[in-house]
Amino acid sequence: KNFFFQSFGNKNIMAQADDQVEFEAMVDDMIKKLLDGWDKPTRAAGLSRAHRGMASLASLGGSSGKATSPIVVPQKDVQLLLRKMKDIFLSQSMLLELTAPIKIVGDIHGQYTDLLRMFEECGWPQHDIHYLFLGDYVDRGPNGLEAVLLLLCYKAKYPSTFFMLRGNHECAAINRIYGFCDECKRAYGLKLWKQFNDVFNCMPVAAS
């Protein structure tokens, strides 16, 4: 009997480890897809240069799988990322206590090319580069979906050195009006917009 439970426990641990490896590989693939197609530095991003001026996920339809799309992030991958991110945010404090040195970044508001330029100048996220983002990732700009997905991927990849606070636009009542809801509906549908906001509700609100 003890042997049975021990064997079952070992198999369960191995299955969880396999799931984590698959998730990490999915995150790496999503980052690659989000960076491909944008004018970015080859060395810093670790990827080859691609075309300038690609269309947004929302204009292409993120789950459409069109052959003409420079970037396609499958809806099932986004859903898995959001489920995992909810757990990651809930595992951390609502008040983050951080230590210097750390790079602090203000509002992004869907300006994806500016976000990539900032990473080019300040360093792409790694274990030894600490970032704190102050919120307002979506709305107003044209690529809020790409911006928040890339940031969530880096948060998943470096949970102890990459931090994201909740801004006032990480709220359904606000981002329903100022553009993010429409982006999500065009790319994936209303259900995914609601799932994004479930994740936003779990984000920390302050840091010291």
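Trainee: Which residues do ring pairs link into a cluster?

Mentor: This is a predicted model, in which local features need pLDDT of at least 70, side-chain atom pairs count only at pLDDT 80 or more, and totals for chains, interfaces and linings use all residues. Residues are numbered from 1 along each chain as its sequence is written, and side-chain values use heavy atoms, with hydrogens and water left out. Rings of Phe, Tyr and Trp (its six-membered ring) pair if their centres lie within 6.5 Å; planes under 30 degrees apart count as stacked, over 60 as edge-to-face and the rest as tilted. The cluster linked by such pairs consists of F119, W124, Y131, F133, Y154 and F162.

Trainee: How many aromatic pairs does the structure hold, and why is the pair of F196 and F200 tilted?

Mentor: The structure holds 11 aromatic pairs. For F196 and F200 the ring centres are 6.2 Å apart, and the pair is tilted because the planes stand at 40°.

Trainee: Where do F196 and F200 lie, and are they buried or exposed?

Mentor: Helices (H or I, at least four residues) and strands (E, at least two) are DSSP runs, numbered from the N terminus. F196 and F200 are four residues apart, about one turn of the helix, and both lie in α9 (residues 190–200). Buried means under 20% relative accessible area, exposed over 50%, and partly exposed in between (1.4 Å probe, protein chains only). Both F196 and F200 are buried.

Trainee: How many of the residues of α6 are buried?

Mentor: Helix α6 reaches 20 Å from its first C-alpha to its last, close to the 20 Å expected at 1.5 Å a residue; the expected span is 1.5 Å times one less than the number of residues. The helix is mostly covered, and the buried residues number 13 of its 14.

Trainee: Why does K157 count as partly exposed, and which residues does K157 touch?

Mentor: K157 is found in helix α6, and K157 counts as partly exposed because its relative accessibility is 32%. Contact means heavy atoms within 4.5 Å. Not counting residues up to four places away in sequence, K157 touches V27, D28, I31 and H127.

Trainee: Over which ring does the charged end of R140 sit?

Mentor: A charge sits over a ring if NZ of Lys or CZ of Arg is within 6 Å of the ring centre and within 35 degrees of the ring normal. K84 lies over the face of F23, at 5.4 Å from the ring centre. The charged end of R140, 5.5 Å from the ring centre, sits over Y178.

Trainee: How many disulfides does a search of the whole structure find?

Mentor: A disulfide is a pair of cysteine sulfur atoms within 2.5 Å. C122 is partly exposed at 36% relative accessibility, and C171 is partly exposed at 24%. The number of disulfides found in the whole structure is zero.
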